[in-house]
Structures are given as C-alpha cells and as structure tokens.
Amino acid sequence: MASLDEKWKAVDNFKSVVVDRERDVVRVTKELYDLHSNREQLRVVTSSNNYRLTIPFAPHMFGSGKTTFYVTYLELVRWFSETSLSTFAWKPLRRTFLEKLKRASLLYIDLRLLKPTLPTEEKRNLEWAVYYLLIKAACLQSGLPQPDPDECFKELKLRTDAVVQKFRSILNIPSDQYLLIAFDEVGVLDESLDEFHFKRTHDGRVRPYNDFIGIISQLCKEPDLFFIVVGKSEGLNIYNYVASVSRVQLVFIPLSPLEKHSIVEHLEKSSSFLFPGSPKVSEILCHEDFSTSELAELLLELTGGVPGLLVRAISYLLLYKSSNNNFLLSKETFLIIMNSFLVTNYCVATFLPRLISLSEQRKRLLRMLTLLSLYRIRFDFDETVQISSNSDVFLFDLVTDMYLYRRLVIEPDRNERYEVLIPKLLIEYIDQGLKDDRLEWLLLQTLKSQSVDFFYESKCRILEGLIATLFYLHFSRHPTNSSMLSTLGQLSRVWNEMNLQFSSESAAYYMKSIHYTRTVSGTERMTFGSNDEWERIVEEMLEFEKIYIPFHSTFHSPDILFKLHGRTNEKNLMVGIACKGRWSRSGIRWNEILEEAHKFLKPVHDQVLTSHPTWHCMLIIMSTQLATNVSEDLNYSSRCYSSGDSVEDFVIPHNCELVILSEADVENFIGKDILSNLRNAFKSVDNPHSRNIGISTLQEIVLSLSKNI
C-alpha cells in the first residue's frame, strides 16, 4: 500500500458528480438562445439594430465550480431538458434549439496557453493568437499534432470564417452542428500587457479584456457557434467597460455554494476508485451510526458548500479511510481529522502566497469583508469601496481579489444581492497567515463559532455583534481604560468586585444549542434557552472568559451573555445584555424593560441563585433610544436597580441587579457617527444591506474596533 503522504498528493481520487446547478444551466441556456435568435442582427449593422450581444461570464474564485460547470454544461442540459429547462422550451422554436443544443459539442480553450506566435509581423496580434489557439486546442482535443503557426497564418490570414471552418474540420463537426467554445483562465489577460499590442484609450491605458471580448463578438457572427468565458478576473470592472465600449453585455453565472440537500446528493452519487468496486462515497464514509445527512451537515459547516473545497475535503476523508481500513467516521473523529493544519493546507494551499503577505491597506479591507460576512450584510452588484483618496474598487470584485467567496441571495422583491462567504476551512488558513492581526483573528474566531445555518439566517445582528465584540475587547485588553466598564463600576458594587481582565484569547461565541441528542435520522438540536434550562446553561455552557450570543434570543434570553469571576474566587456574576435597537422615534418603554427582566432575572434567580448564595446576576439594558418618560424617570442618566428595589410592579430578586444605560452612555460606547448611521439604515428595513448602512460606516466600525485592540 502506498504511504499516506504519497496519497495526499492526489486530489482526484473519486468521480465527483455535479449537482444543484439548475439555475445556472437555465440562465446560460437562455443567453445562448438569445444569441441564436438574434445572430442575424450582429451580421448586419443597421439603425434598427437593438440587439446587444450577451456572453455568459463566470469571474469566480478558486473552487467555485466554474470549470466543472462548463465542462459538464452540455451534459447538464440533457439532464434538465425535461425538468428545469422544460418551462424555457415551451415554444416550438425554443424546443428545436434545445434539442440541437443537447447534441452540441464542446471545445475547451485554456487561455494559459495563449502566447504570441509566428509570423513575426503578426506575433503580438491578439486576434491571431486567439485564432491559432482555437486551432491548436482543436488538434489537441482530436489527438492530432500541433499545427505550424506560420502555415496556418498563410492559409487563413485573419479571416474569421476560414478559422471557424478550419477548427470545425479538425473536430469533424458539421457546419450546422452547435459548437460551444469555453474560454477558461481568462484572468491571464491581466498578466499579458507586455506580450500583445493592445488598443489604447485616449489617456494611454490598455483594456485587454475589451480587445478579447471584441474578438469573441466577431466570432459570434458565425452560425451555430456559442461561447462561455470563465476565470478569475475583475469581473464587474470588465463588465462595465465592455458594455460601454464594445456594446457587449457579460451575463454573470452565479455558481452559488451548495446547500445541504445537494451535498447529500453529491455523496450518494459520487464514487471512489480507491476501493474495490468503486462504491459510492456515502457507502464508504457513512454507516448505521453515522448517516449521510450528518456527514453532509459537517461538510457544509466546514466548506460553506464551496464545490472545490467540498471535493478536496471529501478526497482527504477517502484517502484517510483507504489508509485506515477499520476506521469508522463519526462527528467527533470528523472534527479531529478536519481541524488539522494538514487538512487546511491540503484543501486551500493555493492561497498560501497571497494571504500571508497582505499590505496594511488590504488587511483593513479583509477586516471589513469579515464584518460583512459575520453580520451577513448583503451588498449590491455595483457597490464600490473606496480604497484610497482617488481609487475605488467594486465590492463584487474585491471579494474575488481577496480570495473569498460570494453567495447570491434572491430577495422577496426579486432583487439579487450577495453575501460574503468565508468558509471555516478558509478561516483556519487565514489564521496561519495573520497571527499578528488580533482584530481579524477575533472576528474570524467569532465567525467560526457560528453554525452555517446561522450564517444563512436573514435576521441582521449588527448591533449585538458590535456590542459583544466591544465588550470582549474591553475585557481582554485595557479594562481600566474603558469608560463603559468604569460606568458599570460606578453603578454597581458587585461589578467592582469582579475580575474584569480576561486572561485567555477567546471570541464571541454564537450559541445555537445546549446539548445534542443522537437520532436515527441525524442530529437533533435542542434550541437554546427555554425557561427551565438556566441551571444547565449556567453550569454547563457558560465558561469563564467567553462572550455568548444565543442563536434564538427573542423569547428566552438576552442578546449577549457572559460570566465574570470574583477577585476573591467566592463570587460569580452572570451578566445578560439586552440590545434594544430602536431606530424610530418610539424608544424602549418601561413594559419592555420589565419584560426583559422577567424572562432573565427571575428564572436565573429561581433556578440558579437560590442554590448558589455567592452568585449574582445582572441584566444590562442597552437601548439606542429610550422612551421619553423612561429617560425622564432616570433623569437622563444611567441607573442601577439592586435587590429589593421596585421597578413599577417588578421587584428585583435577591442577588440581582437591573442596569439601564442612558442614551448618552450607549452612544459613547458604540460611537456617535456609527450609531447615527445604523439608526438611518434601520429606519426603513429590518435587515439593511450595505448600501443602507454605508460601506464607510463599516470601515468606521473596523477603525473603532482597531482602536480597542
């Protein structure tokens, strides 16, 4: 048997089946049909020509599945012709087109092979280099020797029709059969500025993508020829320039990450040749006590559903299993295996040179993108980020450029927006390269603690996330310099008796559940925080020096929880923070404050404090706006109600305190400008996207957090 180290070198150790690409297939097919039905307008330039050429374009990051998608696109068309594509093909002309598309051929072009070539006078001509590469690729695909470029040029010159006829003849494809040409690795054009003669703009700049798309647009005039362009690049920047100069519209292929049901399908249909009979992956890795559904959930948690990371993670598990035949996978062993640096480097090693050498400017951008991911803030297709006083970049492109991922979200109003996705597998890798960036480490560790379904939740948690992060930074860095901790010390005698210095590195922890129970169908999670579970929560879940944000905070718990240890080791203080983001004129009222006190102070007192006489409990109300009568009753100052105090009809239980912070203290803690911008963003929508909030606000939040490091 080969050693395990030798086997790690191979990634493709199983036959991976493409799943969950119906939406992408339908979108591309519609665009190809659009070209087919309007091709005549491309050939004849008239004043009545209202057709704008559209070309499917996938400017995605490594592992998004772009290459696999177009290589299998025609096969997927055949799969979905009677399901997802049947609605598209309800008209006879479309049905005829679809039937011919099912019989089409594919020519794959790797643009990394694009080089200047002979003859000398044309060697830096991009158009001839592309034409020759088409012919060369056709020969390679047909098993024929590489043609002589000089002879090809003498035969064909730069006649498009002759070039098309030539590579059709090499491929033995009739002139009336559809041919799909897929250009891969289009990003190499960024590195070819010195190799070709590109057209220059009036200010002397070159636009290689515009030249390239112009060549394709000429090829699109030839009958029964279709194109897909893929590869990492500044997609949106290219999209805008090509649209304005060449009147060509690039249509983005979403290629969103896979969801759990698709990963289950992938495991059940893919097979591995590492084992006798090439059994299905699910049969190899799963068993009676560990279901395919459980494995899919863990893989989704680790990879975020990114196809390339998913395939590499599965490959690693198969190699591990092949070298440890008696090994049985479980949730516990999965986490032990997949959390090693070996797995991280195996799956994402291509990022290594990039993410360990970021400039300070790019580190700030990474922090901002991490905030977008952490708080699930959606952004628009055309949104920009200012990276210097005279330079902007599209957020869409920045995500790609920083080696992160996007997830397309179609909202109820049918608007398409995106979320930044940072898979947990990638978090492990980024940690290795940014050990000196404490803020980024904290944000990533907080993001890592979230379950992936929490990430996909629509509810926005910006306010409580920001407050939790600030509290952690104050506890772990300079508690004596914190005005908020000082204010709480002035209000509460018990607070002053606590040790406010966190000694260990930690992060905000998104707490989804308090325990797990195994069932036949998979893992059943008990939702956090019903009213009779506080003793279990306090004793089993709330460790020292960790800040928790419960998954479901509305009904049974505050928004933030942490526990402080007394300096004398005799007292413990259980702290809950209710973050009340009130963005309209109606601030939080007394009845809402008392509701929070009832659901937290009373059950914790009854279930925990009665049996632990040295323990205390505090509820802090942090509201962006208090009702007028509440502010007046508090004399516009923060106030602490202690044991035995009456607040309307609620009596503060023994060893409990209720702290209500004034608007001024909350504003000082969060930042006046930040709070003002959040207030404006939340006025009209519960889940604002980045344009509502303002990218500048997110950058300001990053700056504010950085000052507390």
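**Exercise 1.** Is Cys 152 buried or exposed?

*Solution.* A quick note before we start: this is a predicted model, where local features need pLDDT of at least 70, side-chain atom pairs count only at pLDDT 80 or more, and totals for chains, interfaces and linings use all residues. Residues are numbered from 1 along each chain as its sequence is written, and side-chain values use heavy atoms, with hydrogens and water left out.

Step one is the cut-off: buried means under 20% relative accessible area, exposed means over 50%, and partly exposed is in between (1.4 Å probe, protein chains only). Step two is the value: Cys 152 has a relative accessible area of 5%, so it is buried. Cys 220, at 1%, counts as buried too.

**Exercise 2.** How many disulfides does a search of the whole structure find?

*Solution.* Look for pairs of cysteine sulfur atoms within 2.5 Å, which is what a disulfide is here. The search turns up zero of them. Cys 152, for instance, is in no disulfide: its nearest cysteine sulfur belongs to Cys 139 and sits 7.2 Å away.

**Exercise 3.** At what angle do helix α17 and helix α20 pack?

*Solution.* First, find the two helices (DSSP runs of H or I, at least four residues, numbered from the N terminus): α17 covers residues 360-374 and α20 covers residues 438-449. Next, take the axes, lines fitted to C-alpha atoms over the stretch in contact, with angles running from 0 to 180 degrees between N-to-C directions. The angle comes out at about 20°, with the axes 10 Å apart. That makes α17 roughly parallel to α20, a label for angles under 35 degrees.

Now for who touches whom, with contact meaning heavy atoms within 4.5 Å. Among the residues that meet are Leu 366, Arg 367 and Ser 373 in α17, and Glu 440, Leu 443 and Thr 446 in α20.

**Exercise 4.** How far apart in space are Ser 373 and Leu 443, C-alpha to C-alpha?

*Solution.* In sequence they are 70 residues apart; in space it's 9.7 Å. Ser 373 sits in helix α17 and is buried, with a relative accessible area of 1%.

**Exercise 5.** Where does Lys 157 lie?

*Solution.* You'll find Lys 157 in the loop between α6 (149-156) and α7 (160-171). Check its backbone next: phi is positive, about 50°, although Lys 157 is not a glycine. Finally, with a relative accessible area of 42%, Lys 157 is partly exposed.

Note on methods
Angles under 35 degrees count as roughly parallel, over 145 as roughly antiparallel, 65 to 115 as roughly perpendicular and the rest as oblique.
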